[in-house]
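Subject: Structure handover and notes

Dear colleague,

I am passing the structure on to you with this message, and my notes on it follow directly below. Please read them beside the coordinates.

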Amino acid sequence: MGELNVDLCGITLDNPVIPASGTFGYGYEFAELYDINCLGTFSFKGTTKDPRFGNPTPRIAECEAGMINAVGLQNPGVEKVISEELPRLAKCFHKPVMANVSGFSVEDYAYTCEKLDAEPQVGWLEVNVSCPNVHGGGMSFGTSPEAAAQVTRAVKKVTTKPVIIKLSPNVTDIVAIAKACEAAGADGISLINTMLGMRIDLNRRKPVIANKMGGFSGPAIFPVAVRMVYQVSHAVKIPVVGMGGVSTARDVIEMMMAGATAVEVGAANLVDPFASQKIVEELPRVMEQYRIENLSDIIGIVE
Amino acid sequence: MQQGFFEITKNVALTADVYKMELAGDTSAITAPGQFVNIKLEGKFLRRPISVCDSTAGLLTIIYKVVGEGTAQMAKMTVGQRLDVLTGLGNGYDLTTAGDHPVLLGGGVGVPPLYMLAKQLIAAGKKVSVVLGFNKASEVFYAQEFAALGADVTVTTVDGTMGVKGFVTDALPADYTYFYTCGPEPMLKAVYRATNTSGQMSFEERMGCGFGACMGCSCKTITGFKRICKEGPVMRKEEILWES
């Protein structure tokens with residue numbers, strides 16, 4: 001059997017499969033169905049300084065081969081995540097976990113990251129500068145190289161663990177933003193967050209989503225994600241975590257050939273709660289099919 | 001929650017756009033009336049959440065209304081087809097607070113989950129009154145089935161073409177001890193105002209996953225944020241916070 005492990009910013013993952021933030025909660029719902037320790041790790045629900053309800057409902061719409069969400073970072077706030085969610089998470093998951101952080105100011109990001117950095121189970125901080133569903137924050141930090149670099153510097157100053165900046169595809173030049181984050185000290189880049197999308201209810205003649213627009217994810221965006229992972233990973237030296245429409249082990253391998261060191265699985269978890277587990281199980285067979293002995297050998301193999 | 005494959009054993013129209021489907025499979029994860037199942041359909045990305053009308057060992061009954069492409073696809077399905085179904089979703093109704101004479105108030109496709117509830121309440125020795133509200137006579141379904149369980153059934157129609165003319169709130173019995181309801185939100189609000197006892201109400205919302213992972217269907221309550229798919233769909237009257 002081939003080698004599945006990969007090194008992500010100095011921490012070894014047993015395999016590169018990582019359920020993406022916002023599609024896996026804090027792991028409990030999935031731990032009821034299977035042993036989630038089979039995963040490389042997972043990125044827990046995006047955490048902000050203060051508790052948030054998020055946007056009004058409806059905040060979900062279906063699309064061809066995908067979905068739109070406008071949840072808007074619902075979470076109990078960093079204090080409760082640390083006091084209530086992480087102890088529960090520790091009972092069902094025994095590996096380093098990825099803490100996903102969002103904010104509305106540079107200070108917010110630094111505050112939340114500093115708190116989570118001190119938690120022993122947190123292995124990486126994934127800093128989301130790309131949420132399309134909040135106003136005056138989130139994505140606005142990820143659409144200019146300067147702002148993304150500013151968040152990166154502020155977070156790096158107060159943390160000791162690897163900092164991975166999660167980027168938005170809703171930009172004209174994602175490579176420039178990734179390079180700015182790298183120059184500001186980022187240890188890794190993850191991409192892509194959802195693409196801004198919209199659906200209209202023909203009967204009501206109104207948007208399906210109360211917030212009008214939301215983040216489009218699912219298999220439909222996979223080719224865009226592969227392209228951006230390829231572009232960014234070939235322009236920076238730090239590792240890239242690829243995501244966007246990944247639903248099979250073949251997708252994981254394609255993403256890695258494009259340049260991803262590890263791969264996040266998002267919307268697929270919501271329609272098949274076993275999706276991430278199935279991908280981990282399928283990987284050895286698919287590796288054999290493509291004559292891959294060591295998964296880390298194929299990272300960025302496409303020139 | 002459990003994932004399993006179910007085989008369609010029946011799929012028949014009850015009215016012009018309401019269908020009843022019976023599915024054979026493992027129903028052991030369904031633990032309370034008022035829970036729902038989430039059905040994967042060929043070519044559709046998100047599953048379709050549908051309330052459980054009845055569940056016995058090995059047989060699941062759902063009743064659904066054709067409202068879009070997904071349910072239209074379901075209406076065309078034939079006996080023998082297999083479906084990927086997540087079962088045992090949501091909290092369901094709590095029967096322990098019913099008292100001696102609960103009233104069950106259902107509106108349109110909010111009627112089905114009350115069937116299994118009525119069955120269990122009657123089995124527990126309660127006197128059960130059921131008020132089923134529809135727009136007009138041609139939309140009425142399941143009144144006889146509730147009566148066959150031994151419930152005292154009243155039908156209301158908005159246009160008066162069957163039963164009491166008006167809404168379910170126009171046909172509340174005099175001496176009920178508790179209420180259970182499921183229906184469109186304007187009806188739930190009317191029931192909230194018209195009832196003089198405590199009760200439980202089942203809500204619906206567009207869902208992503210249906211099992212608590214995506215936070216797509218959250219709502220605010222007096223006791224905090226709740227996921228309609230996980231801590232709901234049934235809420236107690238006392239915790240409901242109407243937003244509009």
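Two residues are taken to be in contact when their C-beta atoms, placed from the backbone, lie within 7 Å, and the helices (H or I, at least four residues) and strands (E, at least two) are DSSP runs, numbered from the N terminus. This is a predicted model, in which local features need pLDDT of at least 70 and side-chain atom pairs count only at pLDDT 80 or more, while totals for chains, interfaces and linings use all residues. Residues are numbered from 1 along each chain as its sequence is written, and chains are lettered from A and ligands numbered from 1 in the order in which they are written.

Helix α5 of chain A

With those terms in hand, the buried residues of α5(A) pack against α4 (145–157), β8, β9 and α6 (222–233) of chain A. A residue counts as buried if 20 or more other C-beta atoms lie within 10 Å of its own, as exposed if 12 or fewer do, and as partly exposed in between, with the C-beta atoms placed from the backbone. In helix α5 (residues 174–183) of chain A, the buried residues are Ile174(A), Ile177(A), Ala178(A), Cys181(A) and Glu182(A). They lie on the same side of α5(A), because they cover an arc of only 140° around the axis, the arc being that of the directions from the helix axis to the C-beta atoms. After α5(A) comes Gly185(A), with a positive phi near 110°.

Strand β8 of chain A, against which that helix packs, spans residues 163–166 and includes Ile164(A). Ile164(A) counts as buried, with 28 C-beta neighbours inside 10 Å. Apart from neighbours within four places in sequence, Ile164(A) has contacts that include Trp124(A), Val127(A), Ile189(A) and Val241(A). The C-alpha atom of Ile164(A) is separated by 26 Å from that of Asp35(A), which is 129 residues away along the chain.

Chain B as a whole

Chain B has four helices and 15 strands. Its C-alpha atoms fill a box of roughly 50 × 40 × 35 Å along the principal axes. Of the 244 residues in chain B, 48% are buried, and among contacts in chain B with a separation of 6 or more, 60% are between residues 24 or more positions apart.

The domain assignment of chain B gives domain 1 (2–89) and domain 2 (95–196), with bounds that come from an automatic or database domain assignment. The C-alpha centres of these two domains of chain B lie 23 Å apart, and 14 residues of domain 1 are in contact with 10 residues of domain 2. On the side of domain 1 of chain B that touches domain 2, β4 (48–56) and β5 (59–65) each supply at least two residues, and the largest share, five residues, comes from β4(B). By class, this side of domain 1 has eight nonpolar, four polar and two charged residues, where Ala, Val, Leu, Ile, Met, Phe, Trp, Tyr, Cys and Pro count as nonpolar, Asp, Glu, Lys and Arg as charged, and the others, Gly among them, as polar.

The contact between the chains

The contact between the two chains takes 23 residues from chain B and 27 residues from chain A. On the side of chain B that touches chain A, strand β13 (residues 218–221) gives the most, with three residues, and that side divides into 12 nonpolar, five polar and six charged residues.

Backbone geometry to check

Most residues other than glycine have a negative phi, and most peptide bonds are trans. Leu191(A) and Ile192(A) are joined by a cis peptide bond with omega about 5°, and Ile192(A) lies in the loop between β9 (188–191) and β10 (195–198) of chain A. In chain B, a cis peptide bond with omega about 10° joins Gly232(B) and Pro233(B). Arg205(A) has a positive phi near 55° and is exposed, with 7 other C-beta atoms within 10 Å, whereas Tyr142(B), with a positive phi of about 75°, is buried, with 22 such atoms within 10 Å.

With best wishes
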